[in-house]
Amino acid sequence: MSFVSEFNELPLETLRERSLSATANNVSEGLATSRARLADFAALISPAASEWLESMCHRSQALTQQRFGKVIRLFAPLYLSNECINNCKYCGFSRDNPILRVTLTVEEVLREARALKQQGFRNILLVAGEHPKFVSTNYLVDCVRALHAEIPSISLEVGPMETGDYRALAQAGGEGLVVYQETYQRAVYAEMHTSGPKRDFEWRMETPERAYAAGFRRLGIGALFGLADWRYEALSVAAHAEFLLRNCWKAQLTISLPRLRPCAGEFEPLTRMSDRDLVQLVCAFRLVFPDVGLVLSTREPAKLRDGLIPLGITLMSAGSHTEPGGYTGAGKEHLHQTVRGRIVDLGASEWATAKSEAHATGQFDIADERSPQEVADRIRRLGYEPVWKDWDAALTA
């Protein structure tokens, strides 16, 4: 049975209401149990649990150090392409946004990866919009194969694929697959995704299972906070995590906690999740899922990221660029617009006039603009060790 079948039977709205009405006694019981359930998780993300936040932080910190030690794994996203056939209201890559687009060649991808390697990274996340014409399975396989000899840990965040396509990527050297459901609220999902294959809610939801069947050893899930009620989303992610831990137990699981950031199209978040809410959610995930990795990106400002390091985060991005060619300027000479799947030369437009200074449009604006070295130095000053690599290709030889 896939998670879709289980998800359809979950009383998520009831759990959300239970969270909103939770009492101090419910929170106390949730903190005391050794085998937490969704009902306990609901109590830990409740308004009532906010009064227990200091205690939750201490417990979360101790549990994280017990399970993971005092280390923070670092990674960098490498954007391959900002071409996309989907219209997603909240995304800078959305098909109808009149942005500057480019798909890097394999050689340009290798150039970007080597620049990241020089900064220390050995853990890279390949990201691309969903457009089979520009970002085919063969192209992705070629990218992974080219990088595998130099980058020990390669993960992908691309459009959902068939199991056979994922198997080809795993055999080429891909080890991790990250896919956000974006929102687990069906009505909001339909409203946000107006055209393209991404409209298929259930196909996307089953993606981690197909990747696992294909041989990926790391799976990453998450919701994009700012589209629907954050407690509903958090409960859905928790339920999804429970399912994957039961059914995809040979893979390591990570949960990402992204909040919406400004992007092309100027979409405004539909709901609000405060910094305090985010802190509480990090602690709740750690207390209920002690062995799951928790990921924090450069979407969040430096001060908040530093504060969250001791509380449960185990994996962070640093020095990120969300546009193809962001690290070396690769692909600048190929900038264009795309209309109905066809490349349109910039011609005599104002962009073409300033082409020498232009760059591909990013997916969203980052908030933490520190260099990777600055982030690593800060991690050390907080008493933790930055880890650039924890896997070697020789182990899969």
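Me: How many residues does helix H13 have, and what should they span at 1.5 Å a residue?

Reply: This is a predicted model. Helix H13, residues 275-288, has 14 residues and should span 20 Å at 1.5 Å a residue; its end C-alpha atoms lie 20 Å apart, so the two values agree.

Me: Is H13 largely enclosed or exposed?

Reply: Of its 14 residues, 11 are buried, so H13 is largely enclosed by the rest of the structure. Among the buried ones are Asp277, Gln280, Leu281, Phe285 and Arg286. The cover over the buried residues of H13 includes helices H4 (38-44), H5 (53-68), H12 and H14 (302-308), together with strands E8 (252-256) and E9 (293-296).

Me: Which residues have the most contacts inside the largest nonpolar core?

Reply: In soluble globular proteins, nonpolar side chains tend to be buried together. Here the largest nonpolar core has 111 residues, and Phe41, Leu74, Leu281 and Phe285 have the most contacts inside it. Helix H12 (residues 230-247) supplies the largest share of this core, 10 residues. A second, separate core has 24 residues, including Val178, Met192, Leu224 and Leu315.

Me: What is Phe285 in contact with, leaving aside neighbours within four places in sequence?

Reply: With those neighbours left aside, Phe285 is in contact with Phe41, Ala234, Val237, Ala238, Ile255, Leu257 and Leu294.

Me: Where is Ala360, and is Ala360 buried or exposed?

Reply: Ala360 sits in the loop between helix H15 (350-353) and helix H16 (372-381). Its relative accessible area is 2%, and buried means under 20%, so Ala360 is buried. Leaving aside neighbours within four places in sequence, Ala360 is in contact with Asn82, Leu100, Val102, Glu323, Pro324 and Leu335.

Methods. Residues numbered from 1 in each chain as written. Predicted model: local features only at pLDDT ≥ 70, side-chain atom pairs only at ≥ 80, totals over all residues. Heavy atoms only, no water. Core = buried A, V, L, I, M, F, W, Y, C linked by side-chain atoms within 4.5 Å. Buried < 20%, exposed > 50% of the residue type's maximum accessible area, 1.4 Å probe, protein only. Helix = DSSP H or I, 4+ residues; strand = E, 2+ residues; numbered from the N terminus. Contact = heavy atoms within 4.5 Å. Expected span 1.5 Å × (residues − 1).
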